[in-house]
Amino acid sequence: MKILQDEIQNEVGNKRMVEEKDLKKLNYLDMVVDETLRLYPVAPLLVPPKCRENITIDDYFIKEKTRIMVNAWAIGRDPNVWSENAEEFYPKRFIEKKMNYQRQEFESLPFDYGRRRCPGIQLGLTTVKLVIAQFVHCFNWELSHNISPFNLNMEEKFGLTIPRAQHLHAIPSYRLDYAKHK
Ligand code: HEM
């Protein structure tokens, strides 16, 4: 969080809130969002499509009308692709790897790919980035008593989407000079 706060502080200062026009300068924010979508894709099994016709792909015969489950959650955690620290939240792994989500990049599939992929990618990314940037820029965040980042329960509840198994209790404290300059 500190790295992200510093990046925003350098680009935006602390006399106003982050705006959409600032987002293109916030590279570490991109990495944080890519890393979050890699580990926690909103729809872990995407939306299982049904095969229209018999087809053979890489020697696998798939019968017409078969439902295909694509495990985007497991793809994003594959150690063969993301190295042995695949389970770790490590945004800097994206320093050299700019995610685009519109190209044929199958290592992380939070929006799926192909004809039925999410049409709201840009709006979704912009909204998520703006909200996260404003949250960490405007506030410092602390966990509630007796909880440290090391014993915070990060389990998920599996379903169509993956919400946290336990609610996150975080305590904000305001950190901008914004109010004084309004
Ligand atoms: C970070 C934000 C978002 C994520 C992670 C996300 C993810 C997804 C995923 C995984 C699918 C299923 C694709 C499939 O497997 O068939 C989907 C479909 C869809 N999304 Fe999004 N989405 C996001 C934001 C949005 C926004 C902002 C909109 C619209 C304003 C949107 C509109 C749609 C629509 C209409 C579909 C259905 C597409 C179809 O079936 O052809 N999404 N999204």
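In this predicted model, the shell around the ligand is made up of 10 nonpolar, two polar and three charged residues. That shell holds 15 residues in total, and the closest to the ligand are Leu46, Asp112, Cys118, Gly120 and Gly124. The protein chain is 182 residues long and contains six helices and four strands.

**Cys118 and the ligand**

- Cys118 is one of the closest residues to the ligand.
- The unreviewed UniProt entry carries the annotation "binding site" for Cys118.
- Cys118 sits in the loop that runs between α4 (79–82) and α5.
- Leaving aside residues up to four places away in sequence, Cys118 touches Phe111, Asp112 and Gly124.
- Two of these contacts, Asp112 and Gly124, are also listed among the closest residues to the ligand.
- Why does Cys118 count as partly exposed? There are 17 other C-beta atoms within 10 Å of Cys118, and a residue needs 20 or more to be buried and 12 or fewer to be exposed, so Cys118 falls in between.

**Nonpolar core**

- The largest nonpolar core has 10 residues: Ile8, Val18, Leu26, Leu29, Met31, Val32, Val33, Leu37, Ala133 and Val136.
- Two helices, α2 (27–39) and α5 (121–138), each provide at least two residues of this core.
- The biggest contribution to this core is from α2, with five residues.
- In soluble globular proteins, nonpolar side chains tend to be buried together.
- Met31, a member of this core, touches Pro91, Lys92, Phe94 and Ile95 when residues up to four places away in sequence are not counted.

**Overall fold**

- Taken along the principal axes, the C-alpha atoms of the protein chain fill a box of roughly 65 × 40 × 25 Å.
- Of the residues in the protein chain, 15% count as buried.
- Among contacts in the protein chain with a separation of 6 or more, 68% are between residues 24 or more positions apart.

**Model confidence**

- The average pLDDT of the protein chain is 93, and 97% of the residues score at least 70.
- For the model, ipTM is 0.98 and pTM is 0.93.

Note on methods:
Residues are numbered from 1 along each chain as its sequence is written. This is a predicted model: local features need pLDDT of at least 70, side-chain atom pairs count only at pLDDT 80 or more; totals for chains, interfaces and linings use all residues. A residue is near a molecule or strand if its C-beta atom, placed from the backbone, lies within 6 Å of it. Ala, Val, Leu, Ile, Met, Phe, Trp, Tyr, Cys and Pro count as nonpolar, Asp, Glu, Lys and Arg as charged, and the others, Gly among them, as polar. A nonpolar core is a set of buried Ala, Val, Leu, Ile, Met, Phe, Trp, Tyr and Cys residues joined through C-beta atoms within 7 Å. Two residues are in contact if their C-beta atoms, placed from the backbone, lie within 7 Å. UniProt positions are given in the numbering used here, feature names are shortened, and annotations may be inferred rather than shown by experiment. pLDDT is the predictor's confidence in each residue, from 0 to 100.
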